[in-house]
Amino acid sequence: MSRIASCFASLKSQNRKALIPYIMAGDPAPEVTVPLLHAIVAAGADLIELGLPFSDPMADGPVIALAAERALAGGTSTFHAIDMVAEFRKTNTTTPIVLMGYLNPIEIIGYEAFAARAAQAGVDGLLLVDLPPEEAGELGDILAKHEIDPIFLLAPTTTDARIEHVVKAARGYVYYVSLKGVTGSSALDTDEVAQRIRTIKQKTDLPIGVGFGIHDRQTAQAVGAAADGVIVGTVLVRAFAENDVTEAQAKIVAKVQELRLALDDL
């Protein structure tokens with residue numbers, strides 16, 4: 001069983017929901033990321049999405065786009081992000097790590113070279129925002145060879161027929177984008193999200209993680225009541241834009257603890 005499958009199975013047996021924080025690798029400086037990964041695990045994270053810095057993040061709002069700019073300015077590349085996972089794995093062999101980014105840097109590296117290095121580092125999943133299942137053929141085969149789960153997105157506008165197609169191609173979990181727009185939007189209709197999750201669950205047994213628009217106890221609980229996992233990014237990443245590093249890390253840890261308690265109170 002993969003680390004991702006084992007994580008969700010363990011949580012299900014405990015009747016708990018996954019808390020999935022997102023942070024950008026190398027933001028605001030390369031040396032910050034690995035200690036922060038360990039800190040948010042200690043604070044209650046079950047699985048972590050680690051952003052790969054990219055100069056044209058079309059699905060990301062300004063907060064995460066600026067985080068990518070800070071990381072790139074600090075010299076963090078895709079390989080550096082993978083090396084951060086390898087460093088994390090020296091002392092944590094259980095918490096799943098999913099890399100989240102865009103296809104272009106991976107095409108430049110080469111699919112096989114990327115997947116081999118990611119697998120060796122201990123990466124468990126890959127979510128590429130601009131890679132639909134229809135275009136994942138060669139990369140999908142290589143990821144399967146290296147036992148890395150491809151994570152795909154579903155949106156509020158995804159048709160029922162397409163949901164069936166996407167979930168057949170996905171492994172690990174399905175990422176449901178809770179609202180139209182980019183990361184950091186706040187117009188979250190939790191009733192609509194719950195209805196869409198019920199529809200998706202009729203078509204797959206894969207866990208469903210929900211992201212975009214979740215920022216506090218109330219939204220985490222409303223989404224967590226229906227989903228298997230709650231994905232939180234912008235509210236964490238914003239801390240580095242508004243505070244010095246030490247203060248930002250403390251705020252991120254505090255937010256993860258707050259959301260962990262919220263989900264455990266369901």
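**Close-up 1. Helix α6 crosses helix α7 in a right-handed manner.** In this predicted model, local features need pLDDT of at least 70 and side-chain atom pairs count only at pLDDT 80 or more, whereas totals for chains, interfaces and linings use all residues. Residues are numbered from 1 along each chain as its sequence is written, and side-chain values use heavy atoms, with hydrogens and water left out. A crossing is right-handed if the near helix is turned clockwise from the far one by less than a right angle, and left-handed if anticlockwise. Helix α6 (residues 111-121) packs against helix α7 (residues 137-145) at an angle of about 30°, and their axes are 9 Å apart. Therefore α6 is roughly parallel to α7 (angles under 35 degrees count as roughly parallel, over 145 as roughly antiparallel, 65 to 115 as roughly perpendicular and the rest as oblique). Axes are lines fitted to C-alpha atoms, for helices over the stretch in contact, and angles run from 0 to 180 degrees between N-to-C directions. Helices (H or I, at least four residues) and strands (E, at least two) are DSSP runs, numbered from the N terminus. Tyr111, Glu112 and Ala115 of α6 make the contact with Glu138, Leu139, Ile142, Leu143 and Lys145 of α7, contact meaning heavy atoms within 4.5 Å. The residues of this contact comprise 5 nonpolar, no polar and 3 charged (Ala, Val, Leu, Ile, Met, Phe, Trp, Tyr, Cys and Pro count as nonpolar, Asp, Glu, Lys and Arg as charged, and the others, Gly among them, as polar).

**Close-up 2. Helices α11 and α12 pack at an angle of about 165°.** The axes of α11 (residues 234-242) and α12 (residues 245-264) lie 8 Å apart. The two helices are therefore roughly antiparallel to each other, and α11 passes α12 in a right-handed crossing. Val235, Leu236, Ala239 and Phe240 contribute from α11, and Val245, Ala248, Gln249, Lys251, Ile252, Lys255 and Val256 from α12. The contact residues divide into 8 nonpolar, 1 polar and 2 charged.

**Close-up 3. Helix α2 packs against helix α4 (residues 78-89) at an angle of about 45°.** Their axes are 10 Å apart, and α2 is therefore oblique to α4. The crossing of α2 past α4 is right-handed. From α2, the contact draws on Pro30, Thr33, Val34, Leu37, His38 and Val41, and from α4 on Met84, Glu87 and Phe88. These residues divide into 6 nonpolar, 2 polar and 1 charged.

Close-up 4. A cis peptide bond, with omega about -5°, joins Asp27 to Pro28.

**Close-up 5. Glu49 and Asp60 carry the UniProt annotation "active site".** The annotation comes from an unreviewed entry; UniProt positions are given in the numbering used here, feature names are shortened, and annotations may be inferred rather than shown by experiment. Glu49 is placed in strand β2 (residues 48-51).
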